Amino acid sequence: MEMMALIAVAVFLFTYALIIDERIHRSVAAMLGAAIVVFIGVVPWEALLRHVDFGTIFLLLGMMIIVNTARGSGLFEYIAIRTAKLAKGSPIRVLILFAIVTAIVSAFLDNVTTVLLLTPMLLYVARVMNLNPIPFLVTEIFASNIGGAATLIGDPPNIMIASSAGLTFNEFIIHLAPIMVIDMVILLLMMYAIYGRSMKVNAEERQEMVRTLNNLDERAAITDRSLFNKSVAVIALVVSLFFIHDRIGEILNFVLPFVDPAMGLEPAEVALIGAAILLFWSRQSPEEIFEKIEWPALFFFGGLFIIVGALVETGIISSIAAVMIENVGSTGEAMFIVTWFAAIASAIVDNIPLTAAMIPLIHDLGATMDVYPLWWALSLGACLGGNGTAIGASANVVVIGIAEREGIDITFVDFLKVGMLVLFVTVAVGFGMLWLKFAM
Amino acid sequence: MGYSSSLIQRKFKDIAGRRYDSILKDYREFMLADEEMFIPEIRSILVPLDLFVQDITDEALDVLSAYDATISLAYITDTEVIKLLEQALDSESTKEFQAKKEEYGQKLLKRIAAKLEERGFSTQTRMFVGHKGDDVVRMAKSHDMIALCRRYADGESTDVSVSPVVLRICQRVEIPALIY
């Protein structure tokens, strides 16, 4: 192996080890790794611009602006309070409703923001009910990862896959959303079977809970009614645009004949257009909103793309792809390997760096086989694989971190037992459905 | 702290940053704190009275009526005032002053007790010479709640400020306090 290739592999492994251990901020680790491969010329400037997926970065940026602007209105607190009240004092209903709301919100907003906003309310409800909050919290984690997997914008691995492979929002809705609906039903049944018995409350406790929760005024959560309405309108507009982003020209051409009917918008463009509209319409201070953008996350992605780019530039990825092509006989076999490798590796590494490394590999496999099913296999494995361990996905870390701060101990092993079960069942069901669709 | 726990906390810090604290701050506007969730059992309520407390407002009575509690009315004359009068006036005049104060206090206690009983409260009354702050804090230890008029131990001021003695009592007692 050439020296450059050795260095690229060493930097890749070293950086990923730093990301797993997180003694150094993951963004700093990724930037440091990127700096090394750029400094020694493994990734020259022209290649660097090619390897950084600006589609992913701009889509994340646009969504961060929308979410941070909407957050100021109290929209998410409103949703959380309404959900808590709808449960009407039943612990099982709390579990199911919060799981469904988490999954739906995660499908359209990023998982970390979703769980950050819903977990405090879930903990509060569990405290009011005087019940162990762990079943509610772990269900929320799984629901967030499953919901996020359903759409193009729900989970960073999907954003990265869509941007790199040129997949549309509707393709995710067609191929992954039905799987995730079924996985959600299975998840709820599993959670009921595991935790259902520990969720009994008597009539008096239920009344007490209803009384306490009814004292919460969801309207008081709305700190800015005008911003609330504008945020809801812009989020609805953006979601609608995602559904038609690849054929927006056809639709616009009816009203504006000068628009090219073949024109389509990239998901990143939709998010940035939505962000611009919301900032203009709401008159929120852009300085304040831009300050809230999670810049470290964006630099983390940028760094990862360059480090993986170094593996591409030095031919490591194509060598691995060549080995795979030699040993894999069919698309179905490749789907099996990609799904389960992504699922198990995601549980260990964190699904974002795993996806960053897998994408160029699948591109290389495209030389000899139809890789279209493999994108869905990767998405399925990477998103649901995150359920396996406490560090498998960002949502897990956030919920378990919040729980620990509140004195609730969800140990690594305890989570592993339930997480691995959920991982294997949901991935197996998803893989079965993909197999029937693409490999039969 | 084990490795997995410190790993989660490191990752949490890097992923969530300061966002969780700001979200938690927003939520605190609506959620009850742990101590607010616990409804204390109120069986006896102390209501200190003096020359500057003319009445208990209807709003305060509405709040107090939420508890099935006995109300202890305590009319307190300041020891220091009596001492000053003894030094400044002859004993006859001091006795006359004390008698008038006592008469006023008894009338006030009777009037307020009658008003409370009319509203269904059971009452106890007492009257003594003492320290308006320290004695109330001491008595509060044997009650479940205290209701203080904002002008207690203050003066004839007509502004809306709360008497410094009332504020000091609130800082020192360990039972719920209502200021009316």
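## Domains of chain B

In this predicted model, the domain assignment divides chain B into domain 1, residues 1-33, and domain 2, residues 39-179. The centres of domain 1 of chain B and domain 2 of chain B, taken over C-alpha atoms, are separated by 46 Å.

## Overall form of chain A

Chain A contains 24 helices and 0 strands. Its radius of gyration is 22 Å, close to the 22 Å that the globule rule gives for 440 residues, so chain A is as compact as a globular protein of that length. The C-alpha trace of chain A spans about 70 × 55 × 45 Å along its principal axes.

Of the 440 residues in chain A, 53% are buried. Among the contacts in chain A with a separation of 6 or more, 82% join residues 24 or more positions apart.

In soluble globular proteins, nonpolar side chains tend to be buried together. The largest nonpolar core in this model has 158 residues, and Ile66(A), Leu380(A) and Val398(A) have the most contacts inside it. Helix α7 of chain A, residues 111-129, gives the most to this core, with 13 residues.

Leaving aside residues up to four places away in sequence, Leu380(A) touches Ala149(A), Leu176(A), Ile179(A), Thr339(A), Val427(A), Gly430(A), Phe431(A) and Leu434(A). Another core, of 26 residues, lies apart from the largest one; Val47(B), Leu116(B), Ala147(B) and Ile169(B) are among its members.

Gly392(A) is located in the loop between α22 (372-385) and α23 (394-405) of chain A.

Gly392(A) and Arg82(A), by contrast, are 30 Å apart in space, C-alpha to C-alpha, and 310 residues apart in sequence.

## Contact between chains A and B

The contact between the chains takes 24 residues from chain A and 19 residues from chain B. On the side of chain A that touches chain B, at least two residues each are supplied by α5 (75-86), α7, α13 (218-221) and α23. Helix α23(A) gives the most to this side, with 7 residues.

By class, the side of chain A that touches chain B comprises 16 nonpolar, 3 polar and 5 charged residues.

Technical notes. Residues numbered from 1 in each chain as written. Chains lettered and ligands numbered in written order. Predicted model: local features only at pLDDT ≥ 70, side-chain atom pairs only at ≥ 80, totals over all residues. Helix = DSSP H or I, 4+ residues; strand = E, 2+ residues; numbered from the N terminus. Rg over C-alpha atoms; globule rule 2.2 N^0.38 Å. Buried ≥ 20, exposed ≤ 12 C-beta atoms within 10 Å, placed from the backbone. Contact = placed C-beta atoms within 7 Å. Domains from an automatic or database assignment. Core = buried A, V, L, I, M, F, W, Y, C linked by C-beta atoms within 7 Å. Nonpolar A, V, L, I, M, F, W, Y, C, P; charged D, E, K, R; others polar.
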